Amino acid sequence: MLAKSLVSSSTSPETSQSHLLSFPHRLHSPTHSLLAVFLNLNHLYTRHPPRSLVGQHCDLSDSREPLPVKSCTDYTCSHSFIVHSWLSPSLLGPRLTFLLFSRVAMATEISSTLIDGKLVAKQIREEVASEVARIKALSGIVPGLAVILVGARKDSQTYVRNKKKACEEVGIASFEACLPEDCTEEEVIEHISKFNSNPLVHGILVQLPLPRHLNEEKILNTVSIEKDVDGFHPLNIGRLAMQGREPLFVPCTQKEITRQADILISAAGAPNLVKGSWIKPGAVVIDVGINAVDDKSSARGYRLVGDVCFEEASRVASAITPVPGGVGPMTIAMLLSNTLSSAKRTHDLHFS
Ligand SMILES: Nc1nc2c(c(=O)[nH]1)N[C@@H](CN(C=O)c1ccc(C(=O)N[C@@H](CCC(=O)O)C(=O)O)cc1)CN2
């Protein structure tokens, strides 16, 4: 029943002693605060929002075990959010964005805290490694992850390489299909179908972005929902949103809404979109955007920035994920964890 995060203080390194941050510590009134989430699901839904998402309520209560934090701030949380509205703001061009609102965490004191994604990811990977070893010893089953890479984008090749390496490190078997840039949709789908029916494969992911001539939505829909460890299948997102209902209310503008949010999650794919002035003092900011911007002074010619203007936001927020070092490392850690869960579910492995 606890929502937790592993955080470390960015302003007061001297208070580096670890302790638990868990939601809720104690109830705080009013519990109706807001969560705003910017998600760019352009790669999933090219025209319309899924009806199942709008106005739905999601239960956040079955979160992971408590994790240690540095520099604790108090929050209360009602474990729920609603998918409120669907916008296609001009500032994001053709990308679809929707906002989620919630009555979730309320900061009761403000201290700038850096949420350390690398540290959480390390802990998750260690947990996955020991669980993989355990199920291998008890049942002989080895969880398997298949990756489909289309084309020769350097960044995608690096991510796929990193995923394979991460699998190796935790004992997950990896499978790969590398297809040429000019391959057809049918060829990609054929590979997905083979992985769908391969019993050694428990997780399948299609590395994104795909070349423009391929219909991403159609391809992602082909991944068996049971093996969709990325969680990109519309049914997976729909299921996430189907656990309850909350009343709708009408937003004015993105900026106004984010200003009311106690938890702000941005995944718009737009560098430095969210300014400090958009953020409610004391809000928790989760920056899911990982955007490459040109930087001649960097060896690779670019640097990574989030959707959130970190300099500004870190002065206003109570806790914030940096880019790099925040949500990114969690992506691969959770991929491993999901592959393990899929293997356990498929083979009905419930060891205590
Ligand atoms: N099928 C998918 N495709 C893509 C995903 C995804 O989750 N599934 N996400 C991104 C790329 N990606 C994984 O594929 C990914 C991106 C970034 C990181 C990461 O750890 N980033 C580090 C910085 C790394 C660096 O310096 O280059 C960080 O943010 O700290 C992991 C995975 C698009 N495609």
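Domain bounds here come from an automatic or database domain assignment. On that basis, the protein chain holds domain 1 (118–251) and domain 2 (262–346). The centres of domain 1 and domain 2, taken over C-alpha atoms, are 20 Å apart. The model is predicted: local features need pLDDT of at least 70, side-chain atom pairs count only at pLDDT 80 or more, and totals for chains, interfaces and linings use all residues. Residues are numbered from 1 along each chain as its sequence is written, and side-chain values use heavy atoms, with hydrogens and water left out.

The interface between the domains was examined next. Contact (heavy atoms within 4.5 Å) links 25 residues of domain 1 with 17 residues of domain 2. The two domains bury about 1,800 Å² between them. Buried area is the accessible area (1.4 Å probe) that two parts lose on being put together, summed over both. Carbon and sulfur atoms carry 77% of this area.

Domain 1 and domain 2 share 1 salt bridge, defined as a side-chain nitrogen of Lys or Arg within 4 Å of a carboxyl oxygen of Asp or Glu. E131 forms a salt bridge with K344, and their closest N and O atoms are 2.5 Å apart.

Helices (H or I, at least four residues) and strands (E, at least two) are DSSP runs, numbered from the N terminus. Helix 1 gives the largest share of this side, 9 residues. By class, this side has 14 nonpolar, 4 polar and 7 charged residues. Ala, Val, Leu, Ile, Met, Phe, Trp, Tyr, Cys and Pro count as nonpolar, Asp, Glu, Lys and Arg as charged, and the others, Gly among them, as polar.

Local backbone features were also found. A cis peptide bond joins L208 and P209, with omega about 0 degrees. P209 is in the loop between strand 15 and helix 4 (216–222). The peptide bond from V323 to P324 is also cis, with omega near 0 degrees. P324 lies in the loop between strand 20 (319–320) and helix 8 (327–346).
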